[in-house]
Amino acid sequence: MLIVAEDLDRLKIDFARMRYYLKPYRRFRVVVAYRRLHDWLPSWYNQIVDLYLSNYIQAEFRFINFVEWIDQKYNQFIQVHAMEIAKRYKNSGMFESVDMLNMHDGVPLLEKLFCNFIPSNNATCQSVAKDEVTKKIHNIGGTHEYERLATKAFLRGKLNNYHRVIAKDVADKIQRDAVERGIFKDGKNYPKVCLNQTFLDQLLQTEMQQEREYFPKWYESQGGDEGLRKEFEKAAKHKLCSMDEEQILAMGVLDPIFEELNK
C-alpha cells in the first residue's frame, strides 16, 4: 500500500497513532523528497499566497512579501522541510527505513520511487521511465509580486473593482505596461528588498551541510561547496528578494497605468 500525503510532514504527528490506523500492516518504509531551501521556501510562500489571496484583497490579513514572511515564519516552516521530517521519522524508531530522494539530480521523482522503492512493480517502473511528459513536469510555480502590488494599490484606492478572479489579469497588464513604458525594463528590474547577508550565509551553510551528509557523491559531482554556492547566489538575486511595492507606490510611477485600468 502506497500513501502519499503532504500532511504527513506535521511537526506534532503521532507516529504511534499512525501505525495503529495502518494495522494489520507491520513494515513501513518512509520516503521523503529533498528540495533545496532556496527553491523550497519561495515555493511554500507562493502556495500560501495562492491560498489566501482573497483574504489579502479583502484586507482580512496583511499581504506580506517573501522577505517579511521569512523573518516571521522561517523557524516554523523549517520544521516541515524534508531534512527535519526525515529526522523525526528516523528518531521515532517505528519505521523500517527512512530514505531521501534528491529532486535535483535530474531523475524524475516518480521514476525513482517506482523503480527503486517499489521494485516488484516492474510494469509501472517501465511505464514511468518511458514517459517523457513526466520528465518535463516541474513544480516551479509563479511569483505573485505584481499581484501583491495590485492588491496594495487597490487597498489604497488606486484601483477600482479589483478581486481575485481578475487579479492575475490585472497584475499581468500592470507588468506588461510597465515594460512597454520602460519603467521596469524587463518587468523584473524593480526596487527590491532582499534577505540580509547574515541569513543568506546561514541558509547556504545549512544546504551545504545537508547535501554533504545525505548526497555526498552527487554533491561532489556537482562541484561541491563551490558548485552549490554558484547556484545559491544565482537564486538569491531573484527568488530570495521581493518587490519593494511600498517604494513603488510612493514613487507614483505606475499611477498612469492604474488610472487607465480604472476607466
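1. The face of helix α3 turned away from its buried side carries the exposed residues Asp-71 and Asn-75. Exposed here means over 50% relative accessible area, buried under 20%, and partly exposed in between (1.4 Å probe, protein chains only). Helices (H or I, at least four residues) and strands (E, at least two) are DSSP runs, numbered from the N terminus.

2. A note on the basis of these values. This is a predicted model, in which local features need pLDDT of at least 70 and side-chain atom pairs count only at pLDDT 80 or more, while totals for chains, interfaces and linings use all residues. Residues are numbered from 1 along each chain as its sequence is written, and side-chain values use heavy atoms, with hydrogens and water left out.

3. Which residues of α3 are buried? They are Phe-66, Val-67, Trp-69, Ile-70, Tyr-74 and Phe-77. These residues lie on the same side of α3 because they cover an arc of only 120° around the axis. The arc is that of the directions from the helix axis to the C-beta atoms. The cover over the buried residues of α3 includes α2 (37-57), β3 (192-194), α10 (197-214) and β4 (241-243).

4. The span of α3 deserves a look. Helix α3 comprises residues 66-77, and its end C-alpha atoms are only 13 Å apart. A straight helix of 12 residues would span 16 Å at 1.5 Å a residue; the expected span is 1.5 Å times one less than the number of residues.

5. Asn-65 sits in the loop between α2 and α3. At the start of α3, a side-chain oxygen of Asn-65 comes to within 3.0 Å of the backbone nitrogen of Val-67. A polar contact is a pair of N or O atoms within 3.5 Å; within protein, one must be able to donate a hydrogen and the other to accept it, and residues adjacent in sequence count only if both atoms are side-chain atoms.

6. Is Asn-65 buried or exposed? Asn-65 counts as buried because its relative accessibility is 6%. Leaving aside residues up to four places away in sequence, Asn-65 touches Tyr-45, Arg-148, Val-193, Ser-242, Met-243 and Glu-245. Contact means heavy atoms within 4.5 Å. The C-alpha atoms of Asn-65 and Asp-244 are separated by 8.5 Å, although the two residues are 179 residues apart along the chain.

7. How many disulfides does the structure hold? There are 2 disulfides, a disulfide being a pair of cysteine sulfur atoms within 2.5 Å. With bonded cysteines counted along the chain, the disulfides follow the pattern 1-2, 3-4.

8. The link of Cys-115 and Cys-125 is right-handed, with 105° about the S-S bond. Cys-115 is partly exposed, with a relative accessible area of 22%, whereas Cys-125 is buried, with 16%.

9. Cys-194 and Cys-241 form a disulfide with the sulfur atoms 1.9 Å apart. The pair links distant parts of the chain, Cys-194 in strand β3 and Cys-241 in strand β4, 47 residues apart. The torsion about the S-S bond of Cys-194 and Cys-241 is about 105°, so this disulfide is right-handed. Cys-194 is partly exposed at 42% relative accessibility, and Cys-241 is buried at 10%. Both strands, β3 and β4, are also among the elements that cover the buried residues of α3.

10. Asn-102 belongs to strand β2 (residues 97-102). Asn-102 is buried, with a relative accessible area of 5%. A polar atom of the Asn-102 side chain lies 2.9 Å from the backbone nitrogen of His-104. Not counting residues up to four places away in sequence, Asn-102 touches Tyr-34, Lys-112, Phe-215 and Trp-218.

11. Some backbone details in loops remain. The peptide bond from Lys-23 to Pro-24 is cis, with omega near 10°, and Pro-24 lies in the loop between α1 (15-21) and β1 (29-34). Ala-59, in the loop between α2 and α3, has a positive phi of about 65° although it is not a glycine. Lys-185 is not a glycine either, yet has a positive phi of about 55°. Lys-185 lies in the loop between α9 (164-180) and β3 and is exposed, at 60% relative accessibility.
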